[in-house]
Amino acid sequence: MDVGLLGQYVANGLMLGVIYAMVAVGFTLFFGVLDIIKFSHGDVLTVGAFTGLATFIGLQMIGVASPWFQVFIIIIVAVAATGFLGALIAKYLVLPLRSAPPLNILLLTLMLGAALRECVRLFYPQGANPKPFPRLLPQDSLALGSFTLRLDNVILLGAGIGAIAAVHLVITRTRLGLAIRAVAQDAETARIMGIHFDRVVLLTFALGSGLAALAGVMNGLYYNEINFSIGLLLGVIGFSAAVVGGLGNIYGAILGGFLFAALQTIGAVLLPAIFPGLPSAYKDVFAFAVVIGFMAWRPTGLIAERTAERV
Amino acid sequence: MNLIPGLIGIAAIAAYSYLFLHAESQGAVLGLVALAAVGVPILGRFGWIGQASRSLENNQAAGRVVIAVALAALVWLFREENFAMLMVASVLFYTVACLGLTVQFGYAGVVNFAGAAFLGVGGYTSAMLAPHLPHVLVLAIGGLLAALVGSILILPILRTRGHYAALITVAFGILFRQFVEVNDALGGPQGLQVKGMSLFGWDLNSPIGEFSFYTNYVVAGLALTALAFILVRRLERSWVGLNLDAVRLDETACAVFGIDVARWKILAFTFGNFFAGVAGAAYAMMTGFVAPNSFTFADSLIMVSIILLGGLGNAWGVALAAAIMLVLPEKLQALQEYRFLLYAVLVIVILMARPQGLIPRRSREYFS
């Protein structure tokens, strides 16, 4: 196979991987503090992406033209609004049900996701149709032989890695991070030590949801199109990535995200090469089949969940 | 105890169903929904619902006859109405599939978020085999194939717990839909035509006299539902059901007492998928086509919502919840566009306000 084409696939896979990893980190954060799976996470991402788009339209209306400034404002508004939404969900839906059976919480958040998705479809103007997302990043590209490196991809990849690194720093180096880790380790003891449990949970949900909003905006900037159902598949993939990596472990989530992207890329490139006649559309079938098989081999993920150290 | 309260209860439910299926205007439908929402809690407050259900429990044989008569009367009244009969038949087939899920979720505690996929295995089986084999056999093969496909998941499900097990079925549900969508032999995104059902030389698609041909499917669906119902109720009452309950409540304790946890989980999972497969095969023959879009993750969620809404592990609750979830959005035309939102909000409200479901499962009684 041509090296340039291979490079293109690798670049694409890395891009997908960083978006998946951002979603997976959210799942793993929520699982860490509350031991629950918040399945509406993917649809929170959709809300973030649509908030970004609405902000862009608003900025155009008031006549802001600088693309960099637009991107900056879009990200600030989307992350803040979605973070707030995440905190609201935690306060009014998740925390009251904390002691309910896990199945009920899983179903509640699944249904919440469906409700958010439907709200975007029904109440965003013409929300049922795919929406073009503006190209705001510089479109210059660098040709390296047959491989073209697009500048906007490099920026997005850097931004994604930067965001994950920032979250990691927050968790390992700040007082809030210390509180989050304490709650994850033992909520009861954390409370006795004077940590405001509810506030930590709300801030964690805001943090994870903000990260999802950023992933949603990045997804829009990368594909230049968003629709109301992007969150469903991204949510399931993010969940898979978090589980494959090992729930509650931030490194596992990152690893899982890139692993899933690698599986999809392999499914799209390698499978048709090995079995001629097999269309590359089987990439998701292949990726999910490997995930199922993997779970039979490592039932608690690559980096197994430990009670002593989560998040 | 006398039969009168139970009789009145069943008559009231039948009359309500009649009015609801009959209601044409949006105002009438909304009025009936409001009536149920206000009336049922009031009746419960007076203890009348408890009285009626106790009366039926104490006169089981007579109760069954009364229920059969009420059902037959309803079918007779709507025999010429295509739409009403289609809805009733859909509710019946969904009830069969959800009874299967009840065995998995409610008894053994094995989660399955891929119900629609197993429904789909049955549906595609009948699309492929209906022109070649007797249809009773097709239904059975649909169920067997669903159970066989499900057996791929047994190893990962046995090895995992909780959220990890949930992921496996979620991933499988999405995998199945993607697979049938890209597979050209199975019709791709357009799906396949399915031949109408014919049982023992009786072509269900040719109407008898003035009747709607869906009435035939309602009769077949009733037979299938009754069979599934009896099987599930017997299973629940038997030592098998007792073992399944034990596995759900505490796996460790079970293992200590020598109960083979893996065996019962496999049994419940296979049994449930078989039901979903049979229901899917029958449903596909009724609607006349199968397409990937009928077997999405959202459809699996609707099935799980039905069993949770009805009350986990309660067979009667499944039938009631299936009726509510399937008929209500069809009837409220104004809300047709908003139906998924309605489902989602309804389930969220139920989970917050009444997590045990509409008709909670009662604990076992051995000495009554």
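**A tour of a predicted two-chain model**

Start in chain B and select Arg177(B) and Glu181(B): their side chains meet in a salt bridge, 3.2 Å from N to O. Keep in mind that this is a predicted model. An α-helix has 3.6 residues a turn, so residues three or four places apart point the same way. Are the two partners buried or exposed? Arg177(B) has a relative accessible area of 19%, under the 20% cut-off, so Arg177(B) is buried. Glu181(B), at 25%, is partly exposed.

The structure holds six salt bridges over all chains. For another one, select Glu118(A) and Arg121(A), whose side chains meet at 2.9 Å, N to O. Both lie in helix α4 of chain A. They are three residues apart, about one turn of the helix. Glu118(A) is buried, with a relative accessible area of 7%. Arg121(A) is buried too, at 18%.

Stay in chain A and select Asp43(A) and Arg117(A). Their side chains form a salt bridge of 3.1 Å, N to O. This pair links distant parts of the chain, 74 residues apart. Asp43(A) belongs to helix α2 (residues 41–62), and Arg117(A) to helix α4 (residues 102–123). Asp43(A) counts as buried at 4% relative accessibility. Arg117(A) is buried as well, at 11%.

**Helix α9 of chain A**

Next, select residues 230–245 of chain A, which make up helix α9. How far apart are its end C-alpha atoms? They are 22 Å apart. Then click on Gly246(A), which follows α9(A) and has a positive phi, near 115°.

**The whole of chain A**

Zoom out to chain A. Look for 11 helices and four strands. The C-alpha atoms fill a box of roughly 60 × 55 × 40 Å along the principal axes. A compact globule of 311 residues would have a radius of gyration near 19 Å; chain A has 20 Å, which agrees. Of those 311 residues, 54% count as buried. Consider contacts between residues at least 6 apart in sequence: in chain A, 76% of them join residues at least 24 apart.

**Into the core**

In soluble globular proteins, nonpolar side chains tend to be buried together. Here, the largest nonpolar core has 214 residues. Select the residues with the most contacts inside it: Leu34(A), Leu107(A), Phe205(A), Phe113(B), Leu244(B) and Ile306(B). Which helix gives the most to this core? Helix α5 of chain B (residues 82–108) does, with 17 residues.

Centre on Leu244(B). Leaving aside neighbours within four places in sequence, its contacts are Val103(B), Tyr107(B), Ala108(B), Leu235(B), Trp264(B) and Ala268(B).

End at Thr102(B), in helix α5 of chain B. Thr102(B) counts as buried, at 1% relative accessibility. Show what touches Thr102(B), not counting residues up to four places away in sequence: Tyr107(B), Ile307(B), Gly313(B), Asn314(B) and Val318(B).

Key: Residues are numbered from 1 along each chain as its sequence is written. Chains are lettered from A and ligands numbered from 1 in the order in which they are written. This is a predicted model: local features need pLDDT of at least 70, side-chain atom pairs count only at pLDDT 80 or more; totals for chains, interfaces and linings use all residues. Side-chain values use heavy atoms; hydrogens and water are left out. A nonpolar core is a set of buried Ala, Val, Leu, Ile, Met, Phe, Trp, Tyr and Cys residues joined through side-chain atoms within 4.5 Å. Buried means under 20% relative accessible area, exposed over 50%, partly exposed in between (1.4 Å probe, protein chains only). Helices (H or I, at least four residues) and strands (E, at least two) are DSSP runs, numbered from the N terminus. Contact means heavy atoms within 4.5 Å. The expected span of a helix is 1.5 Å times one less than its number of residues. A salt bridge is a side-chain nitrogen of Lys or Arg within 4 Å of a carboxyl oxygen of Asp or Glu. The radius of gyration is taken over C-alpha atoms; the globule rule is 2.2 Å times the number of residues to the power 0.38.
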